[in-house]
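This report looks at one protein chain. Please look over the sequence and the structure before reading on.

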Amino acid sequence: MITHDLVIIGGGPAGLAAALSARQNGIQDILILERSEQLGGILNQCIHNGFGLHTFKEELTGPEYAQRFIDSVEKEEIPVTCNTMVLSINDAKQITYINRTDGLVSLQAKAIVLAMGCRERPRGALNIPGYRPSGIFAAGTAQRLMNMEGERVGKEVVILGSGDIGLIMARRMTLEGAKVKVVAELMPFSGGLKRNIVQCLDDYNIPLKLSTTVIDIQGKERITGVTLAKVDEKRKPIPGTEEHYDCDTLLLSVGLIPENELSQKIGVAMNTVTSGPNVNDRLETSVSGIFACGNVLHVHDLVDYVSEESTLAGKYSAEYVIAKSSKPAEKTIPLVAEKGVRYTVPQFVDVDSMAENITVRFRVDNVYQNRFISVYIDGERISHKKKKVLAPGEMEEVVLNKEKLKSYKAIGRIVICTEVE
């Protein structure tokens, strides 16, 4: 059986950053498996700017950002196999994949980095009544059709969901001459970055209706209109609030789901909130030698954070290969999300093996103003930082210091929460 030191599944921004980091940390035998025909992942269709401000200190488009990493991978001569579908992985780190050139292949990896990204939630998950006419697209699908295939998607548009892709597509379709009539959002807050709300909706006078959803779709061959309604606290439509919009296109921007079918088949412990694996501070899953990073771990708001996180995954997977095993965790401490914090990544830290400082990223569950982000160790508050605004669409972070944690003889758990004072 073919053997590789490190196999990275996914050639998007996460996989590319992990591969480069592993090479820089001493691993020569690396293989990237990518299911698309080219590297770069979702960035190839994101032709708008706003990428790279943290990583490269300049504003780039998605393809420009991806190309920087692709060029580095080519310079390092890291092998890549595109048009390749991974069929299975087991806990012994054996991978089976298929492509047109090699057929069905099995290989053995010493370590694996999961970097498969995420996919959009489809209409079928929304339970919207009506026929199934043409003109209904996931926002990302519409983005690909317009930006990569050169197709015009529609002329009169309603968008359901205010995630970042939906907001960006509101602007993109406007610039292409379409009329975006409204963006409806089920939740009482937007799921996108504040800057995207301003630049993509406010700047083009596109209305955003919160606590609103689509309750009916009209049209048999092609969509001809939709009915919107306000929803109550339980997200149920409120009778008498119905509003009709004529349209020939409905875009759905209703959430992203990490691509973890492979992870689940291995037996990796999953997080019910993120739909990604639970990981320790080294981004290692519950299966020894299998690491996860990027949107397969949790959905990020900025690709710069994906690259930063994936660089660590590459570093730690390289250390695993060189050491030929994981260091047994001696002081594994759970990170607990409470009082307004939905989840944390990582979910566990090992005080003895952790870096001098680790960044814990998380999202809140609602929009809060003038709240504190606090960190507690067994009931003792060790950090208390005020934020003017906290929103689910923007990731937050706290930094845990190794020296500080080691000053405690025994730690039961670390709690990250929001507080009024």
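Predicted model: local features only at pLDDT ≥ 70, side-chain atom pairs only at ≥ 80, totals over all residues.

**Nonpolar cores**

The largest nonpolar core is made of 61 residues. Ile 8, Ile 9, Ile 89, Ile 95 and Leu 114 are the ones with the most contacts inside this core. Leaving aside residues up to four places away in sequence, Ile 89 touches Ile 9, Gln 94, Ile 95, Ile 112, Leu 114, Leu 262 and Ile 266.

Strand 6 (residues 85–89) pairs with strand 7 (residues 94–99) in the antiparallel sense, over four bridges. Ile 89 has Ile 95 in strand 7 as its bridge partner. Ile 89 and Ile 95 also belong to the group with the most contacts inside the largest core.

The hairpin of strand 6 and strand 7 has four residues between the strands. Lys 93 lies in this loop, and its phi is positive, about 65 degrees, although Lys 93 is not a glycine. Is Lys 93 buried or exposed? Lys 93 is buried, because its relative accessible area is 11% and the cut-off for buried is under 20%.

Strand 7 also runs antiparallel to strand 8 (residues 103–114), and six bridges join the two. One of the pairs across them is Ile 98 with Leu 104 in strand 8. Strand 7 and strand 8 form a hairpin too, with three residues between them.

Another part of the chain holds an open sheet of three strands, in the order 21-23-26, with antiparallel pairing. Strand 21 (341–345) and strand 26 (396–401) are the edge strands, and each of them pairs on one side only. From one strand to the next, the twist averages 30 degrees.

Strand 21 is joined to strand 23 (residues 357–364) by four bridges. Val 345 stands opposite Arg 361 in strand 23. Val 345 is also joined to Pro 346 by a cis peptide bond, with omega at about 5 degrees. Pro 346 is in the loop between strand 21 and strand 22 (348–350).

Ser 275, which is not a glycine, has a positive phi near 65 degrees. The residue sits in the loop between helix 6 (261–266) and strand 19 (290–292). Ser 275 counts as partly exposed, at 34% relative accessibility.

**Salt bridges**

The count of salt bridges is 18.

| Pair | Distance (N to O) |
|---|---|
| Glu 76 and Arg 23 | 3.7 Å |
| Lys 315 and Glu 319 | 2.9 Å |
| Lys 387 and Glu 396 | 3.2 Å |

Which parts of the chain does the pair of Glu 76 and Arg 23 tie together? Glu 76 lies in the loop between helix 2 (62–75) and strand 5 (80–81), and Arg 23 lies in helix 1 (residues 13–24), so the pair ties together parts that are 53 residues apart in sequence. Glu 76 is partly exposed, at 32%, whereas Arg 23 is buried, at 10%.

Lys 315 and Glu 319 are four residues apart in helix 7 (residues 303–323), so about one helical turn separates them. Lys 315 is partly exposed, with a relative accessible area of 28%, and Glu 319 is partly exposed at 29%.

In the remaining pair of the table, Lys 387 counts as partly exposed at 24% relative accessibility, and Glu 396 as buried at 10%. Elsewhere, salt bridges with shared partners join Arg 35, Arg 119, Glu 259 and Glu 261 into one network.

How values were computed:
Residues numbered from 1 in each chain as written. Heavy atoms only, no water. Core = buried A, V, L, I, M, F, W, Y, C linked by side-chain atoms within 4.5 Å. Buried < 20%, exposed > 50% of the residue type's maximum accessible area, 1.4 Å probe, protein only. Contact = heavy atoms within 4.5 Å. Pairing = 2+ DSSP bridges. Axes fitted to C-alpha atoms, helices over the stretch in contact; angles between N-to-C directions. Salt bridge = Lys/Arg side-chain N within 4 Å of Asp/Glu carboxyl O.
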